[in-house]
Amino acid sequence: MKIRIISILFFYFFVISCTVKLSLPKGEKVCAGLTQKNLWQLENQYPKSFQLTQRILLSVSGKEYDFIGSLTMRQDSVFRAVALGEMGGTFLDIKHETDTVSILKNSGNLPENPLLDGVVGDILYLFSFSRGNKKLASSFHNEQLHVQLSDSINETTILIFEKNNLIASEQIIDGQLVRKAQYSNYIKSVVSGCPLPGRILLENKKWRYTLKIDLLKIIQIPE
Amino acid sequence: MYIKLKNNIKSFLIASLILIVRFEFGFAGNVLSPQEQQQFLHEMTTQLADVKNFQAEFEQERHLSIMVEPLISKGMCYFEVPDKLRWEIYSPYSSILIYNKEKVSKFEIDNGQLKKLNFGAVDIMRKVLQQIISWMRGNFTDSEAIYSIKVFQGAINKIQLTPKSEVMRENLKSIELHIKPETFQLEQVLIKESAVDFIRIKFKNKQENLNLPEKIFHLNHPVVVK
């Protein structure tokens, strides 16, 4: 009897360890090493301090606006993001430090909430990935690795990798889908040697805009 | 001995000061008086009246204090009197901006496909491009309401436009148009956004009075040249 109970419990825990969470597709049991490898690559694809130059197309309320983005990112998610007009002018200049955000310039008079909550959140989401202490679950389905990271409060991130490159992600906060992103046109970074997405398509579902971000240049800067 | 040394140092400092002043203003040439300026601009308009259209390559350098390296863009500019302009960037990304009879269209080329944008900044861009077209024709009359204009004559002539409005000067210190003396052709544009931030646009391989296809300035299906 005792052996039977232990066997049942053993079988139960074995099944649990292979089962995915509700939001991930059911699939083959995934090698933990593959998940760790992909997450490590994601955490290290950008150097600790770097500057990106990007061409960005913002789609909002049926209109499209193109501009050049310059993002300077340092450790601890300290960054400065500037939006430049193609023919001159600076539309937006935002500085983010550990606990504060400063809008240094806002020539377009963009409303503050989408800027602070939307844009700042987008930048941290796309360019400052850290697994931290989040709970992890993963599965392998149709040659894609699905990884779910959940913190203890209210945030879940779903990452989908194909051939070791991140191709899509979702961020869910308080049960609501806040951000969806697709990553493509991978190139080898001249700085880190890691593959970097040449194009990112981000949908901010909360503030209802889309960003198409094409990478023009990446430079490593002193920390 | 001490007095001789003191006099030498004094002479050296004065000479250095003169050189610095000459370097600062000698490059820019002599500033013209209002009458000379009016004559200069009139001559420019007359000379440029023979130019019915032109195309030119350009290289644009964007220097910002926050950027580690300047951003370099390359492109082509097409212009046809009285009111057609095409500003095309082909490196490091592809984008085409067209002004044609007061209408503005913007395109991007994505995976080899031309895509027209539902451009949200049409009104602002229309005003900017109208201004550029006026300058290309040597017409600065409308700009006098917005800018103080000075002309410097020298090895290269320079037209300096400084915004009159303090609000505008917060984002734009001045625009300088560098003009070839004999032909009044625009050689370079220098947009000074702050004390340290600037954009330099250099033009080259300019060709005038060509048979430019109409489709270069088409607002919906422009021909893709590069």
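B:Lys84 and B:Glu80 form a salt bridge within chain B, with the closest N and O atoms 3.5 Å apart; a salt bridge here is a side-chain nitrogen of Lys or Arg within 4 Å of a carboxyl oxygen of Asp or Glu. B:Lys84 counts as buried because its relative accessibility is 8%, and B:Glu80 is buried as well, with a relative accessible area of 17%. Buried means under 20% relative accessible area, exposed over 50%, and partly exposed in between (1.4 Å probe, protein chains only).

The model is predicted: local features need pLDDT of at least 70 and side-chain atom pairs count only at pLDDT 80 or more, while totals for chains, interfaces and linings use all residues. Residues are numbered from 1 along each chain as its sequence is written, chains are lettered from A in the order in which they are written, and side-chain values use heavy atoms, with hydrogens and water left out.

**Interface between chains A and B**

The size of an interface is often given as the accessible area lost when the parts come together. Between chain A and chain B the buried area is about 2,500 Å², and carbon and sulfur atoms give 51% of that. Buried area is the accessible area (1.4 Å probe) that two parts lose on being put together, summed over both. A:Glu64, A:Glu86 and A:Met87 supply 29% of the area that chain A buries against chain B, more than any other three residues. In terms of contact (heavy atoms within 4.5 Å), 28 residues of chain A meet 34 residues of chain B.

There are 20 residue pairs in polar contact between the two chains, both residues at pLDDT 80 or more. A polar contact is a pair of N or O atoms within 3.5 Å; within protein, one must be able to donate a hydrogen and the other to accept it, and residues adjacent in sequence count only if both atoms are side-chain atoms. On the side of chain A that touches chain B, the elements giving two or more residues are strands E1 (50-60), E2 (63-73), E3 (79-84) and E12 (209-220) of chain A. E2(A) gives the most, with seven residues. Strands are DSSP runs of E of at least two residues, numbered from the N terminus.

**Salt bridges**

The structure holds 24 salt bridges over all chains, and the count between chain A and chain B is seven.

| Lys | Partner | Closest N and O atoms |
|---|---|---|
| B:Lys106 | A:Asp66 | 2.4 Å |
| A:Lys212 | B:Glu108 | 2.6 Å |
| B:Lys115 | A:Glu64 | 3.0 Å |

A:Lys212 lies in strand E12 of chain A and B:Glu108 in strand E6 of chain B, so this pair joins two chains. A:Lys212 counts as buried at 11% relative accessibility, and B:Glu108 does at 7%. B:Lys106 and A:Asp66 are both buried. A network of salt bridges links A:Arg199, A:Lys212, A:Asp214, B:Glu108 and B:Asp110.

**Strand pairing in chain B**

Strands E10 (residues 174-179) and E11 (residues 186-192) of chain B run antiparallel and are joined by six bridges; two strands pair if DSSP finds at least two bridges between them. B:Ser174 has B:Lys192 in E11(B) as its bridge partner. E10(B) and E11(B) form a hairpin with six residues between them, and B:Phe184 in the turn has a positive phi of about 60°.

E11(B) is also joined to strand E12 (residues 198-208) of chain B, antiparallel, by five bridges. Here B:Lys192 has B:Phe198 as its bridge partner, and a hairpin connects E11(B) to E12(B) through five residues.

Technical notes: Helices (H or I, at least four residues) and strands (E, at least two) are DSSP runs, numbered from the N terminus.
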